[in-house]
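Trainee: I'm new to this one. Could you walk me through how to read it, feature by feature?

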Amino acid sequence: MNKLRIGLIGLGTVGCGVYKTLEHIDNVEIVKVAVKNLNKQRSVDVPAEMLTGDPYEVVNNPSIDVVVELIGGVNPAWDYISTAIKNGKHIVTANKELLAKKGEELFNLAEEHNRVCLYEAAIAGGIPIIMPIKTILAGNKINKIQAILNGTTNYILTKMDADGASYEDVLKEAQQLGYAETDPTGDVEGFDAMYKITTLATIAFNSRVKVENVYREGITKIRKEDILRANELGFKIKLIANATIDENNNADVRVHPMLVPKNNMLAHIDYVTNSVAITGHPIGHIVLSGPGAGEFPTASSVVGDILAIAREFNTTDYLLPMMRCHHHSTANPVKIEDTYNKYYLSITAPNAIGVIAKIGTICANKDISLSSILQKGVEADNTAEITVITEMCLEKKIREVVSELDNCTVNSIIRVAN
Ligand code: HSE
């Protein structure tokens with residue numbers, strides 16, 4: 001049997017998981033592995049002659065059929081991948097940042113050279129989502145995605161909720177346990193989820209979404225008090241990646257914290273689990289949940305992509321047509337100011353007669369209806385903590401409300417999911 005010959009770039013956690021999984025699969029063999037540090041201790045025993053410190057020994061190796069890129073980031077990953085495609089290799093990657101920033105160029109290059117680039121592992125780790133959208137859901141018009149796509153932030157928010165702890169304390173603990181990176185910016189500021197929803201929305205909507213048009217807010221400003229109040233009002237706070245598209249190709253794509261009602265399944269996706277809810281026709285509403293990261297879950301997606309290529313390799317001149325990207329349209333971006341949302345506001349106000357009436361009047365003057373308002377007594381410093389949840393209103397209007405709430409401090413503004 002001719003085995004599919006794999007070159008691996010990157011042998012970190014996921015790379016080791018892929019290596020171990022492929023050891024038990026007999027129609028595929030790893031022939032070269034490029035690593036940054038040849039002497040690093042790893043959980044796999046790779047023969048010395050298979051290792052190289054030079055990724056070009058992988059991408060320029062004429063005997064390699066598929067290059068699996070697991071280093072992440074745009075550069076130098078793009079140089080390796082583009083060289084590999086030009087050299088006739090198929091690509092499997094878990095690189096969400098590269099896909100979000102250079103997806104169009106990448107898929108055009110792959111098509112030009114009649115090669116495929118598969119990336120199931122880049123979005124929601126072990127959850128099968130790209131292949132289902134491209135294949136069995138292909139007959140659908142998907143118009144909405146609501147997802148938890150980052151395990152680090154979901155872990156932090158879940159722990160804050162469970163322990164009544166602050167963001168800073170939980171982050172520190174998560175870093176000690178290895179759940180959060182030493183520099184957590186990519187996760188906690190929402191970049192990781194933004195890259196993932198950019199590609200996911202592009203695929204699901206069959207219309208290109210540009211990463212620069214995706215609105216992003218992270219979780220660093222979420223206070224333990226917000227989580228407590230949200231609970232009292234029937235919500236959990238989650239970092240939600242949202243994407244909707246209308247019949248005129250206007251795409252509202254964003255990542256930000258949200259109050260999620262407890263009757264929405266996403267409210268119960270805890271710790272590092274990811275979840276993707278998709279709405280479309282004719283499918284209706286489906287939710288896929290599972291491990292969004294980690295050695296073996298991510299390896300499961302990488303290996304699935306490798307085996308999809310292995311199955312058709314040398315059997316056809318045009319591999320995996322359904323898995324290719326052919327976007328002829330680019331979605332029109334919707335600015336966050338022009339979106340409609342419900343809002344949670346936490347306000348600290350002086351304990352004075354008419355404060356609640358004033359908040360109500362300012363909202364009423366902007367045509368904003370309130371759905372909840374909560375004050376539990378008066379604080380020792382003679383201030384009142386007032387929590388408000390609005391009905392649907394224009395983002396621009398809520399910003400005007402906040403600027404008109406003089407004498408009050410607005411501690412938090414968080415959008416509320418349906
Ligand atoms: N850093 C990501 C997370 C996993 O925390 O979910 C890989 O994208």
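Predicted model: local features only at pLDDT ≥ 70, side-chain atom pairs only at ≥ 80, totals over all residues.

Trainee: How far is an oxygen atom of the ligand from an N or O atom in the side chain of Asp192?

Mentor: For a polar contact, look for a pair of N or O atoms within 3.5 Å. With Asp192, the side-chain N or O atom and the ligand oxygen are 3.0 Å apart. Lys196 has a polar side-chain atom 2.8 Å from a ligand oxygen.

Trainee: How much of the ligand's accessible area does the protein cover?

Mentor: Here you start from the area that the ligand has on its own, which is 260 Å², and the protein covers 80% of it. As for its place, the ligand sits in the largest pocket.

Trainee: Which elements give two or more residues to the shell around the ligand?

Mentor: Those are helix H6 (151-163) and helix H9 (191-205). If you want names, the residues surrounding the ligand are Lys96, Asn150, Gly151, Thr152, Asp187, Asp192, Lys196 and Ala293.

Trainee: How do the residues of that shell divide into nonpolar, polar and charged?

Mentor: Sort them by type and you get four charged, three polar and one nonpolar.

**Aromatic pairs**

Trainee: How many aromatic pairs does the structure hold?

Mentor: There are four aromatic pairs. To read one, check the distance between ring centres and the angle between planes; planes over 60 degrees apart count as edge-to-face. Tyr56 and Tyr80 have ring centres 5.4 Å apart and planes at 85°, so this pair is edge-to-face. Tyr56 belongs to helix H2 (residues 56-59) and Tyr80 to helix H3 (residues 77-86), so the pair ties together parts 24 residues apart in sequence.

**Backbone details**

Trainee: What about phi: is that of Asn249 positive or negative?

Mentor: Asn249 is not a glycine, yet its phi is positive, about 70°. You'll find Asn249 in the loop between strand E9 (235-245) and strand E10 (250-261).

Conventions. Residues numbered from 1 in each chain as written. Heavy atoms only, no water. Near = heavy atom within 4 Å. Polar contact = N/O pair within 3.5 Å; in protein donor to acceptor, adjacent residues only side chain to side chain. Areas by Shrake-Rupley, 256 points an atom, 1.4 Å probe, with all protein chains shown as cover. 1 Å grid on protein atoms, 1.4 Å probe; cavity = no way out; pocket = protein on both sides within 12 Å on 5 of 7 lines; lining within 4 Å. Sits in = over half its atoms within 2 Å of the grid points. Helix = DSSP H or I, 4+ residues; strand = E, 2+ residues; numbered from the N terminus. Nonpolar A, V, L, I, M, F, W, Y, C, P; charged D, E, K, R; others polar. Phe/Tyr/Trp six-rings, centres within 6.5 Å; stacked < 30°, edge-to-face > 60°.
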